[in-house]
Each structure stands twice: as C-alpha cells, then as structure tokens.
Amino acid sequence: MTAHAEAAVHGHDHHGPPIANKSSRIEAVVLGMFMFIGTEAMLFGSFFAAYFFVRVVNPDASTITPEKWAVWPPAPFEFPVFVAGINTCILVTSSFTMHWALQSIKRNNRRGLQAGLVLTILMGTAFLLTQFIEYAHVGFNTSDGAFASVFFGLTGLHGAHVLVGLILLTIAALRAFRGHYSPEHHHGVELPGIYWHFVDVMWIVVYVTVYLL
Amino acid sequence: MRNPLANEEAAFRFLLGTIVYLAPIVLASWIATWLGVVVFVVMSGVAVFYIRQDKPPQAAPSVGDRAAVEDTWRILVLANETLAGPRLQEVIVRLAEGVAEDVLLVCPVMSAGSFIENPAVDGTSAANARLQAAVAALRAAGVEARGELGDGDPAVALTAALEGFSADEIVISTHASGRSPWLEQDIVAAAGVAFDGPVTHVVGD
C-alpha cells in the first residue's frame with residue numbers, strides 16, 4: 001500500500017511528515033531556550049575553565065616572567081581596562097536601547113522601535129570596532145603565552161556572539177522599517193532582544209573576570 | 001524556578017541583576033581578596049535564593065477598599081486545566097464578596113497534540129468544556145461570570161483579553177511549580193509587569 005493510499009484509508013489528507021507531538025508539560029519554546037542556555041554555558045564554561053587554569057592552577061604556562069605569576073596579566077603586559085570599561089558601558093547602554101525598542105512596539109510606537117534598533121546596532125558595531133582596535137594596540141599576541149591565548153579566545157568568542165547578535169538585529173531592523181511587527185506580534189524583535197541581553201551578560205562576566213579581578 | 005531568559009523583559013532584568021551581583025564582588029575584591037571571596041559567597045547565595053523563588057502573590061486590596069474604588073470590580077481570570085478546580089473557584093468567590101463583580105474567565109485553546117496523555121484531544125472542545133463548567137459553578141455560587149477562549153500562548157491570551165476588558169485585578173491559576181509550563185514561562189511575573197493592578201497567583205492543584 002502506498003503512503004498516499006494508506007493515508008486515504010485512514011481518512012487523513014495530510015501530506016509530508018507527521019505533525020510533531022507537543023508535550024503539555026513543557027513548552028517547546030521554553031525547552032529550546034533551556035537547551036540554548038545549556039550549550040552556551042558549556043561553551044563559555046570551557047573557555048572560562050581554560051582561563052582559570054592558566055591564571056590559577058598553572059600560571060607557569062605563561063612563557064613571560066613565570067615568577068611573577070601573581071600578577072595578571074603577566075608583566076610587562078597590561079590589559080586596556082579603561083577602554084574596555086568604556087566599551088562595557090556602550091554595550092550595557094545598547095541593552096537599554098534594545099529594551100526601549102521592544103517597549104515601543106508593545107505601545108505601538110513604530111518610530112521608537114526603529115530608533116531603538118538602529119541605536120542598538122550602532123552601539124554594537126562601535127563595541128566590535130573598539131575591540132578590533134584594542135586587539136591591534138594591546139601589545140601582545142597569541143604567541144606570547146597561554147594568557148594571551150585565553151584572552152583572545154574569551155574576548156573573541158564573545159565578539160563572535162556580538163556579530164551574530166548584530167546580524168539578528170539588522171534583520172529585525174530591516175523588517176521594522178518595512179512595517180513588520182505589531183503590539184501583538186513582535187517575536188522577531190523579542191528573540192534577538194533576549195539574545196542581545198544574554199550577550200551583554202556574558203561580556204560583563206568576561207570583563208569582570210579577565211580585566212577587573 | 002524563574003527562567004532568566006523567558007522573555008525580553010526577564011532577560012533585561014537578568015542583565016541588571018548581573019551588574020548588581022558583580023559590582024559588590026569587584027569592589028570588595030579591590031579592598032581585599034578575602035573580602036571579595038566572602039561577598040562572592042553571600043551574593044551567590046542571594047542570587048540562588050532569588051532565582052529559585054517564585055514571585056510571591058501580591059496582596060489584594062481589602063473588600064472595602066475595592067468596593068470603594070469603583071462600583072464594579074472587574075476580575076480577569078486566566079486558567080487552563082485548573083479552571084474548574086475548587087481552589088480557583090474559592091479564590092474568585094472570596095474576591096467577589098462585597099463588591100459588584102464582573103468576572104471574565106479566559107481559557108487558552110491549546111493546539112492539537114498538546115496533551116501528552118491524549119494527543120487526540122481537541123483543544124477547543126476541552127477549553128469550552130472547562131469554561132462552561134467553571135462559569136456554571138461560579139454562577140451557582142452567586143458570582144457574575146462569563147467566559148471566552150484565548151490564544152494558546154497565555155501571554156498573548158492575557159494581552160488580548162486586557163484590550164477588551166478593563167480589568168481591576170488579574171487572577172492566574174496554574175499547576176504547582178515544576179508541573180506548570182506557564183510558571184516556566186514566568187507568566188505571573190510577566191502579568192505583574194504588564195498590568196498595574198494586583199495579580200493573584202493561585203496554585204490550582
């Protein structure tokens with residue numbers, strides 16, 4: 001019996017794969033978000049594990065002045081704490097504009113949505129550009145020791161997340177300028193917004209652990 | 001347990017919470033390393049306690065206060081499987097005491113296949129049956145109640161209901177924590193953010 005004939009016998013007129021069964025115990029969206037958080041936690045967690053290993057457990061992995069292991073970063077290098085601090089302020093501010101954008105569309109304020117998204121994209125781009133400039137002037141490279149590798153690894157991993165966030169926000173902004181979204185339907189803005197706040201949270205953790213502590 | 005990324009507002013609060021969490025740790029560690037460790041432990045304990053905690057139900061105004069505000073006290077009730085449960089009925093009857101009440105029950109229609117025990121259940125029929133039972137029970141108890149079907153997403157159903165019903169108070173009934181997808185969605189907190197009035201959470205089982 002062919003699939004089509006079998007469907008006809010059973011009274012179904014459905015083509016393609018069967019409709020996915022959904023559990024009433026947990027929403028698919030929530031489950032997906034938990035899985036996303038889990039994968040991201042493991043990804044960043046592995047980088048943080050490498051960072052703490054290099055800094056605390058095995059400071060001699062640094063080829064530069066291993067006797068000064070208590071100093072972070074190893075002398076004579078320094079992290080641009082001030083510039084990164086300004087960059088942190090930019091990124092945190094971008095979360096406020098993102099929040100404003102979403103609150104605006106919930107109140108049917110399309111101009112606010114558009115302005116909020118554009119400002120968020122501009123600040124995210126400024127963050128990335130500043131980070132590239134920071135890389136160019138930081139004064140060390142991955143060949144200067146494990147500390148440099150974990151520094152570029154952690155900040156680069158985060159930078160990649162910012163880039164993904166910017167792509168998502170750009171798509172949302174283009175749709176906003178084309179008249180998409182309404183107070184009832186704005187998932188296309190809400191989901192990038194959640195992602196953007198998550199990226200900001202990860203940067204704050206990176207900034208505090210790598211630059212400040 | 002709260003889902004810190006349940007929606008954009010929750011994620012934004014998570015960001016602010018992260019700053020509030022880390023700032024004292026950084027300041028303390030600059031003063032002395034051991035102090036930073038102590039503050040880290042304390043702040044981590046506070047953070048875990050906060051994340052594990054469900055939002056406490058807000059105290060509803062007293063009957064006298066409510067009656068004095070307006071002639072009619074409009075109560076919007078959002079519930080699904082617990083709609084016709086005795087606990088929710090009891091709360092609604094109590095809230096309706098001493099006021100001229102107008103109770104609107106909203107029951108989200110779950111899509112076909114949402115019921116794990118019986119995927120063949122028709123969501124619309126099930127929601128209608130629950131609504132009819134709940135409205136009948138409330139009217140029998142002397143409460144002026146009516147019902148309507150809502151979107152399968154409780155947040156959307158709540159927003160849509162609020163557009164057509166100027167509620168003075170919201171009651172949300174769910175299963176207990178751990179069994180309720182709505183609590184995973186942090187629907188009670190979301191309602192508290194979106195609505196200025198009191199939001200009462202009822203655990204209906």
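Modeller: Let us begin with a definition: two strands pair if DSSP finds at least two bridges between them. Helices (H or I, at least four residues) and strands (E, at least two) are DSSP runs, numbered from the N terminus. This is a predicted model, in which local features need pLDDT of at least 70 and side-chain atom pairs count only at pLDDT 80 or more, while totals for chains, interfaces and linings use all residues. Residues are numbered from 1 along each chain as its sequence is written, and chains are lettered from A and ligands numbered from 1 in the order in which they are written.

Colleague: In which sense do β1 and β2 of chain B pair, and over how many bridges?

Modeller: Strand β1 (residues 72–79) of chain B pairs with strand β2 (residues 100–108) of chain B in the parallel sense, over seven bridges. One of the residues involved is V77(B), whose bridge partner in β2(B) is L105(B).

Colleague: What is the strand order of the sheet in chain B?

Modeller: The order is β3-β2-β1-β4-β5 in an open sheet of five strands, with parallel pairing. β3 (145–150) and β5 (199–203) of chain B are at the edges with a single partner strand each, so one side of each has no neighbour in the sheet. On average, neighbouring strands of this sheet are turned by 20° against each other, direction ignored.

Colleague: And which residue of β5 could we look at?

Modeller: V203(B) is found in strand β5 of chain B. It counts as partly exposed because it has 18 C-beta neighbours inside 10 Å; a residue is buried if 20 or more other C-beta atoms lie within 10 Å of its own, exposed if 12 or fewer, and partly exposed in between, with C-beta atoms placed from the backbone. The C-alpha atoms of V203(B) and S173(B) are 5.7 Å apart, although 30 residues separate the two along the chain.

Colleague: What does V203(B) contact, leaving aside its neighbours within four places in sequence?

Modeller: With those set aside, V203(B) is in contact with T174(B) and A176(B). Two residues are in contact if their C-beta atoms, placed from the backbone, lie within 7 Å.

Colleague: Changing topic, how many helices does chain B have?

Modeller: Chain B has eight helices, along with five strands. Of its 205 residues, 39% count as buried.

Colleague: How do α1 and α2 of chain B cross?

Modeller: Helix α1 (residues 8–31) of chain B and helix α2 (residues 33–52) of chain B cross at roughly 165°, and their axes come within 6 Å. Axes are lines fitted to C-alpha atoms, for helices over the stretch in contact, and angles run from 0 to 180 degrees between N-to-C directions. α1(B) is therefore roughly antiparallel to α2(B); angles under 35 degrees count as roughly parallel, over 145 as roughly antiparallel, 65 to 115 as roughly perpendicular and the rest as oblique.

Colleague: Which residues meet there?

Modeller: Among them, Y21(B), P24(B) and I25(B) in α1(B) meet residues of α2(B) including V39(B), F40(B) and M43(B).

Colleague: Over to chain A: is A173(A) buried or exposed?

Modeller: A173(A) is buried, with 20 other C-beta atoms within 10 Å. A173(A) lies in helix α5 (residues 146–177) of chain A. Not counting residues up to four places away in sequence, A173(A) touches Q114(A), L117(A), V118(A) and I121(A).
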